[in-house]
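Please look at the structure below, first as a whole and then through a few of its details.

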Amino acid sequence: MKHVKDTYGTLAIKLVMALIFALLLFAPFLFQDVRALEVAARICIFIVLVASYDLLIGYTGIVSFAHTMFFGFGSYGAAIALKQMGPGWDAVALGTLAGVLVSLVVATVIGLVSLRVKAIFFAMITLAAASVVLVLASQLSQLTGGEDGITYRAPNIFKTATKLAVDEDGKVLRWFGVKLNGKLAGYYFVFFTSLALFLIMLRITVSPLGTVLKAIRENESRAEAIGYRVVAYRTFVFCLSAVAASLAGSIYAVWLKYTGPDTALSFAIMIDILLMVVIGGMGTMWGAVIGAVLMVLAQYYLRDLMGAASEATAAIPLLPELLAPDRWLFWLGIIFILLVYFFPRGIAGTVMTKGPRV
């Protein structure tokens, strides 16, 4: 007898995941402009960032507002090392390690001291910690560059002028019209490191540890009653999530070649992460992918689409004003409300429950 496993909705989501993976894998060849490559790289980074946050809020039920703090530790760790030591892999490794260690220490302290505090009180503690770090990053200008941030050079292999392959004339080789240069190497560095981190987190969620985390989320008291050390597990997953966010920050710093409060520690990034988790669906790694893709695409292209729509409806009274590009945040809010209404468990969470099992 055939084993009953997935719903048709789950299979549909997995097909969407395969499509997203293929599009990101071949993005430099499918979308040959600088902006599209930046969008694809940002999607890769935010998939990791949102997935690591979903380990907290979706799988364990921990609400934290300090996730960008750990992302910032990784970004500033790599940035400061590259600025001080020069564009070498030793600087990347040392800066990344420093960011991870700082994230681990801070996450452990917050976890052990605060995870006994319930719900909103813990969230407020994490918000206060993140605010302190943001202020310090802005004020310690000699180390962090203050409000202006830090610009630096990445390893030489990621320079646009670097030739990964050359033809018989010594010119950079093209493959399907795309130059095999350092920019391409930089994108695939982001893609494959992000993919590795995501797969590790995906494996954790389907492991016995993931089952324990879900048990803690559903009923903490009962999980503790059957012998699980709830505080230890919650602290561990908090540290694990912090490390993943820190590594994502270091990858982003290498790609962007600039780190500042707005790109690494801004509370607006935390809001984006929350929106991505809700849109995609809490408690599912696939939701992190869908939420990150939709939100990043909206941030980069919704304004352009609205501009085109405004021009197309120029003859209709009031509509061009409503569709003006400056009102893109208004329409993004409307879209978010509709998504929450029609997909109460997020897109992935809702779709995966639809249809008969196969």
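Is aspartate 326 buried or exposed? Aspartate 326 is exposed, with a relative accessible area of 69%, where buried means under 20% relative accessible area, exposed over 50%, and partly exposed in between, computed with a 1.4 Å probe and protein chains only. The model is a predicted one, in which local features need pLDDT of at least 70 and side-chain atom pairs count only at pLDDT 80 or more, while totals for chains, interfaces and linings use all residues. Residues are numbered from 1 along each chain as its sequence is written, and side-chain values use heavy atoms, with hydrogens and water left out.

Taken as a whole, the protein has 17 helices and four strands; these are DSSP runs numbered from the N terminus, helices being H or I with at least four residues and strands E with at least two. Its C-alpha trace spans about 70 × 55 × 55 Å along the principal axes. Of the 358 residues, 49% count as buried. Among contacts (heavy atoms within 4.5 Å) between residues at least 6 apart in sequence, 74% join residues at least 24 apart.

Alanine 288 is 238 residues away from valine 50 in sequence, yet their C-alpha atoms are 5.4 Å apart in space.

Helix H9, residues 208-218, has Gly210, Val212, Leu213 and Ile216 as its buried residues. Seen down the helix axis, these fall within an arc of 160°, so they line one face of H9; the arc is that of the directions from the axis to the C-beta atoms. They pack against helices H8 (182-205), H10 (220-225) and H11 (230-256), whereas the face turned away from the buried side carries the exposed residues Pro208, Thr211 and Glu218.

Side chains of opposite charge can pair when their charged atoms come close. With a salt bridge defined as a side-chain nitrogen of Lys or Arg within 4 Å of a carboxyl oxygen of Asp or Glu, a search of the whole structure finds four. One of them joins aspartate 304 and arginine 35 at 2.6 Å, N to O, and this pair links distant parts of the chain, aspartate 304 in helix H14 (residues 285-312) and arginine 35 in helix H3, 269 residues apart. Another joins arginine 303 to aspartate 326 at 3.6 Å, N to O; arginine 303 lies in helix H14 and aspartate 326 in the loop between helix H15 (319-322) and helix H16 (328-342), 23 residues apart. Arginine 303 is partly exposed, with a relative accessible area of 37%.

Finally, the loop between H11 and strand S4 (258-259) holds lysine 257, whose phi is near 60°, a positive value in a residue other than glycine. Lysine 257 counts as partly exposed, at 28% relative accessibility.
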